[in-house]
Amino acid sequence: MQHSCGACMTQRGEGSSGVPPLEFGNRAFHGHVTDDGSVVVIDSPSMVAQSAVPIDAPRDVLVHAAYLAAPPTVALLNRGLRGVIAVDAGIGRNDAGVGGLALADSVHVPAAAVSVYSAEMCVGLSVWSDGVISRVNATASALGVQPGLSTKAAATLLLSAPYGMPRHL
């Protein structure tokens, strides 16, 4: 599924952080690296297969800057990621902006949502640097992730989850 909101299609230049000025969606970097896995930060979940940095799905946690709705989350869960953090998109009617939380919980994958009011949607660097967690699923909560944590702190806790596994949802 391609994510193509108008806000995300804006071209951005390189900031002081050293993140390369690639086209939207493929700006990616390792937010945190351990011997046991990494946190990969990317603008769009639709660009995971073409990520500018390698993603080892079973070992890595993905932070992306689009919404945590169910449709984009299905593809990430099928890849077998260890954990997922994305934007809550203002939550929305029937919790549509965070529908991926329950879906991830159903397969025991920790997931958390970043408040859209704390970070710029579609800009992974902002979600990583400025994001504040607004909602979590039960699997993430069991690892110590809770609303009010920074994205960085939450993602680091998600690295303590068991390795992911590919699935077919």
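A helix here is a DSSP run of type H or I with at least four residues, and a strand is a DSSP run of type E with at least two; both are numbered from the N terminus. The model described is predicted.

**The chain as a whole**

The protein chain holds five helices and six strands. Along the sequence they come in the pattern β-β-β-α-β-α-β-α-β-α-α. The chain has 169 residues, and 50% of them count as buried. Its accessible surface is about 7,400 Å². Carbon and sulfur atoms supply 55% of that surface. Contacts also reach along the sequence. Take those between residues at least 6 apart: 53% of them join residues at least 24 apart.

**The sheet**

The six strands form an open sheet with mixed pairing, in the order S1-S2-S3-S4-S5-S6. S1 and S6 stand at the edges. Each has a single partner strand, so one side of each lacks a neighbour in the sheet. On average, neighbouring strands are turned by 20° against each other, direction ignored.

| Strand | Position in the chain |
|---|---|
| S1 | residues 28-34 |
| S2 | residues 37-42 |
| S3 | residues 61-67 |
| S4 | residues 83-87 |
| S5 | residues 111-114 |
| S6 | residues 133-136 |

Strands of a sheet pair through backbone hydrogen bonds, and the pairing is either parallel or antiparallel. In which sense do S4 and S5 pair? They pair in the parallel sense, over four bridges. Look for Ala-86: its bridge partner in S5 is Ala-113.

**Helices on the sheet**

Helix H2 covers residues 99-106. H2 lies across S5 and S6 and runs at about 170° to S5. Helix H5, residues 151-158, packs on the sheet too. H5 touches S1, S2, S3, S4, S5 and S6. Its direction makes about 160° with that of S4.

**A closer look at H1**

Helix H1 spans residues 70-79. Which of its residues are buried? They are Pro-72, Thr-73, Leu-76 and Leu-77. Seen down the axis of H1, these residues fall within an arc of 140°, so they line one face of the helix. What covers them? The cover includes strands S3 and S4, and helix H2. After H1 comes Gly-80. The phi of Gly-80 is positive, near 90°.

**Putting it together**

Find the six-strand sheet first. Then place H5 on it, and H2 across S5 and S6. Last, turn to H1 and its buried face.

Terms used:
Residues are numbered from 1 along each chain as its sequence is written. This is a predicted model: local features need pLDDT of at least 70, side-chain atom pairs count only at pLDDT 80 or more; totals for chains, interfaces and linings use all residues. Side-chain values use heavy atoms; hydrogens and water are left out. Buried means under 20% relative accessible area, exposed over 50%, partly exposed in between (1.4 Å probe, protein chains only). Contact means heavy atoms within 4.5 Å. Accessible areas come from the Shrake-Rupley method with a 1.4 Å probe; for residues, only the protein chains shown count as cover. The arc is that of the directions from the helix axis to the C-beta atoms. Two strands pair if DSSP finds at least two bridges between them. Axes are lines fitted to C-alpha atoms, for helices over the stretch in contact, and angles run from 0 to 180 degrees between N-to-C directions.
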